[in-house]
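Open the model in a viewer and keep the selection tool at hand. The stops below are meant to be visited in order.

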Amino acid sequence: MSLSPERSEEEVGELTSELSSQQNRSDNGAVQSFNIPIDPFDQDDMEKSHTEMSVRMSPRPSSVVAREGTWPFLSPRASKNTVIDPEEAYMNLKDANMIVRMENAELIKQEDAKHGSKKTLGSLKQKKEGPEFPPWVINPYFATLKQPNAFWVDSLILILMGGLIGLVNLGYKYAITSAPQAYLTIGDDNDYPNSKATVGFATGRLWWIGLGAGTGFVNAVAKIILKLGNHVGFMGAIQMQKSDPVESLKVVICTIISLVGGSSIGPEAGLAAIGGGIASFLYTRVLKFTYDEDRRYKYYVLAGMSAGFTGFLPSPILAVMMTWELGIPPAFWGINQLHALTLFAMAAVPAAAVFFAIEETTLYDPLNIQVPNADDYNPTKYAFAIGILFGVMGALLAIVYYLICNFVRLAFVYPKRYASKYFGPKIGSIVINTLGGVLYGTLGYVMPLTMGDGAFQIQGIISSSEQIGSSILAASCFTNILTFWICMETGFVGGIFTPMLATGNLLGAVFANITGALPSVAVGCSFISLAAAVIPAPLFLVFFSSSLFQLGARGIIPITTCAFTSQLLIGGIGLLPLLSNNWASVLTSKNKARFRWAKKPESA
């Protein structure tokens, strides 16, 4: 790095005074340590020239330490020794820019004290007329052709891994769809779910009750044999950025058992386990990289999950969006957005290519779903307002959703305790799981539209909503919520996402029948209205609905207002923690400190 021979005392004083003023503004004197490259624009100097300093800053959730000349959160080539806790770390671009300015001033001051000369590190002074943020932060390069070429190595591996995951997704789809579609349409029910005669009140099959009981028994035994206890859901796995291969295999097996038996849970948990498990196994047991291994492990797992999600979504870009929006922002673990999205796509696109080369459709595919009059879709100028109304509907439905959730939890508190007390933990879990199977089978007999994850019934509900009738659709909607929470509470393994889509679709059909709303608007908005209230991925949901129902660019308008309204009214204003709190445990426990918002006792 070159040293500037000229620099005035006024410039040095200005920079050092800025450091002092920033230190004086600290509220509690918390110290955070960073190692920052002397010249972030020089890639070679980034590795060989760095200094260490302690910067006194305003309070943050936790201290953050980055080592070996790395730029915290923002470096395109962060070191393998970077230590960042994504749940606690917090830093925005303005703070990062201030650190650079303070670092430069401190370096100048140190060099002057050391050499007693003005001819030191003048090139590092902050220019007043320069941009507020370093330009390389906005669009840093990541696919360097210099050694060690990690990006290109990872890209090749992710492409091959994605193709493998696509093949596994194909087998998973056949396993979870073949049997349910066969027994739901067997005999006189070959018109299921397109006619009232097959989905009306108590028009199911009595043997579905036995099927549910058997599924619950087999699922419980499989969990005992596999030693599968409480496990992290697919959204939690994305947030944690890790996946255990053995645990993932257990989840896949139990999810297949649950879905084959017709339980009202989603397949996405198994798909996330497939992608994350294969990626984790490949990285930890086969590749065993030593360069930047922690960070690379994270994006291998997330890329694998993106590839796994292509098994049920219409397009691989939706799988990338789902992983990106539900996950920790890439800047928090050391790479930029474009880098992360590129790696996710490297796995998701090959997975979809292999899948579609053999099978024409995924679980949710435009080829399977046709919305009436979608080709003539011409929304009115007030379509955005209609979307807002459906968003309010989704928020209200979310409140009912969690009320039923806590009702089910409360109902099973004492049965679980007594079963474990009198039969032991293992036999007790079998009893509860079998009881859950009996209940969902019974509810399936009473309301046949509640059987399964809901993907198979979507087309029938959309095209035959008037023939089925609003009363049946409304009853099926709320029964579907009840069935889902019974399955989750009694030990079945699966996802939360697709049952939400089915529930929203049922209630949307009711509103379309009653109000006469344009089917394209009603279907597109209601489909994601409940999920948007609970799952913080509105962009993914908007493009998922519009691409699934092929509504075009203007069709996105009401769906967008619906998704963001629903998310705002539940998640945005803070109702979600209150609604999702385990009220059953609170109400049946003497320890009232289990309220999530309860004030923590002050430490001595």
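This is a predicted model: local features need pLDDT of at least 70, side-chain atom pairs count only at pLDDT 80 or more; totals for chains, interfaces and linings use all residues.

Residues are numbered from 1 along each chain as its sequence is written, and side-chain values use heavy atoms, with hydrogens and water left out.

**The largest pocket**

Select N230, H231, M488, E489 and F492, the lining residues that lie nearest the centre of the largest pocket. On a 1 Å grid over the protein atoms alone, a pocket is an open set of points where a 1.4 Å probe fits, with protein on both sides within 12 Å along at least five of seven lines; lining residues have an atom within 4 Å of a point. The lining numbers 43 residues, and the space inside is about 1,500 Å³, a volume being the space filled by probe spheres set on the grid points.

Now colour α15 (425-446), which gives the largest share of the lining, 6 residues. Helices here are DSSP runs (H or I, at least four residues), numbered from the N terminus. By class, the lining has 20 nonpolar, 16 polar and 7 charged residues; Ala, Val, Leu, Ile, Met, Phe, Trp, Tyr, Cys and Pro count as nonpolar, Asp, Glu, Lys and Arg as charged, and the others, Gly among them, as polar.

**The nonpolar patch**

Next select Y382, F384, I388, V392, L396, I557, L568, L569 and I573, a nonpolar surface patch with about 820 Å² of accessible area together. Helix α14 gives the most to this patch, with 4 residues. F384 is in α14 and is partly exposed at 39% relative accessible area, partly exposed being the range between buried (under 20%) and exposed (over 50%), with a 1.4 Å probe and protein chains only.

**Single residues**

Go to P193, in the loop between α5 (150-184) and α6 (196-199). The peptide bond from Y192 to P193 is cis, with omega near 0°. Most residues other than glycine have a negative phi, and most peptide bonds are trans.

Move to A202, in the loop between α6 and α7, where phi is positive at about 55°. Q550, in the loop between α21 (538-548) and α22, also has a positive phi, near 55°.

End at F281 in helix α10 (residues 268-287). Its C-alpha atom is 8.7 Å from that of V246, 35 residues away along the chain.

Technical notes: Helices (H or I, at least four residues) and strands (E, at least two) are DSSP runs, numbered from the N terminus. Patches are made of residues with over 30% relative accessible area and no salt bridge: like charges are joined within 9 Å, nonpolar side chains (Val, Leu, Ile, Met, Phe, Trp, Tyr) within 5 Å. Accessible areas come from the Shrake-Rupley method with a 1.4 Å probe; for residues, only the protein chains shown count as cover. A salt bridge is a side-chain nitrogen of Lys or Arg within 4 Å of a carboxyl oxygen of Asp or Glu.
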